[in-house]
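Please load the model in your viewer and try each task before reading on.

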Amino acid sequence: MPAHQPMPNSPGSPKMEAVRLDTSLVNPVVWSEIYLVGVPLIDTQHRKLFTLVESLRLAFVLHKADTVVMKTLKGVLSYCAEHFESEELLMQVVGYPSFASHVAQHRQFTATAQGYAERFERGELVPEELFKGLLDWLVTHVMTVDPTIAEYCSKSGVDTASIVTVSDLVKVLEKNQNSPKTCVKPELGLALLVLPALVLFCVFAFWDAAQNPLRSGLAAAAAIGILATDLGVV
């Protein structure tokens, strides 16, 4: 029996493009290497998510009691939340530029999936609709969104290959937070703001020197005093 497998939209299309899925309850949900993003921790969690979704499919197919189905469904949603936390921590570690939009997708899915669960519990959603909604989002997100994190990780210089557990991820984050950061001293920053004005002032002073040497000398001394104070020399 064929497993659920994504198919490219057209021959030669990258695997991360939009996919077509068989989201019926007939075929098993099977993990495949095509879903790998290249970060061990994230790939391990994705694999477990597929296993949990397959457990949900079996609960439907085997006509398990509603209490069993709901317990399985809540297990899927709970692990999704745990996985999202790991992904968001990873994005912080590497400084992922699209962090906010990615987190927004996580929040949107969480709200949507919770809505699915509530509707199913009230008898307003059939198993096929619930299963399709979850599997569609999971596979599309894994194949088209999460790989962008992995791509950025490879550019960030962070050794994601060594991040196998959540503990590894936390250690990397703590290491980055404790690393000394270079920064511009406030007084130097102020001097950089004042410097252009002082340059213009000095140019004017040279021009004015021919007219009134004493006045220009006093003005130049004042300008030097201001700059020296900003730099912390005096």
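**Exercise 1.** With which residue does Asp136 form a salt bridge, and how far apart are the closest N and O atoms?

*Solution.* Before starting, note that this is a predicted model, where local features need pLDDT of at least 70 and side-chain atom pairs count only at pLDDT 80 or more, while totals for chains, interfaces and linings use all residues. Residues are numbered from 1 along each chain as its sequence is written, and side-chain values use heavy atoms, with hydrogens and water left out.

Step 1: apply the criterion, a side-chain nitrogen of Lys or Arg within 4 Å of a carboxyl oxygen of Asp or Glu. The partner of Asp136 is Lys132, with 2.7 Å between the closest N and O atoms.

Step 2: look at the spacing. Because Asp136 and Lys132 are four residues apart in helix 4, about one helical turn separates them. Helices here are DSSP runs of H or I with at least four residues, strands are runs of E with at least two, and both are numbered from the N terminus.

Step 3: check exposure, where buried means under 20% relative accessible area, exposed over 50%, and partly exposed in between (1.4 Å probe, protein chains only). Asp136 is partly exposed at 23%, and Lys132 is partly exposed at 40%.

**Exercise 2.** Are Glu54 and Arg57, which meet in a salt bridge, buried or exposed?

*Solution.* Step 1: the side chains of Glu54 and Arg57 meet at 2.8 Å, N to O. Step 2: both residues sit in helix 1, three residues apart, or about one turn. Step 3: Glu54 is buried, with 14% relative accessible area, and Arg57 is buried too, with 6%.

A search of the whole structure gives four salt bridges.

**Exercise 3.** Where does Tyr96 lie, and which residues does Tyr96 touch beyond four places in sequence?

*Solution.* Step 1: Tyr96 lies in the loop between helix 2 and helix 3. Step 2: with a relative accessible area of 10%, Tyr96 is buried. Step 3: not counting residues up to four places away, Tyr96 touches Met91, His102, Thr148, Ile149 and Tyr152. Step 4: Tyr96 and Thr148 are 52 residues apart in sequence, and their C-alpha atoms are 9.3 Å apart.

**Exercise 4.** How many helices and strands are in the protein chain?

*Solution.* Step 1: the chain has eight helices and two strands. Step 2: read the order from the N terminus, which is β-β-α-α-α-α-α-α-α-α. Step 3: of the 234 residues, 35% are buried.

How values were computed
Contact means heavy atoms within 4.5 Å.
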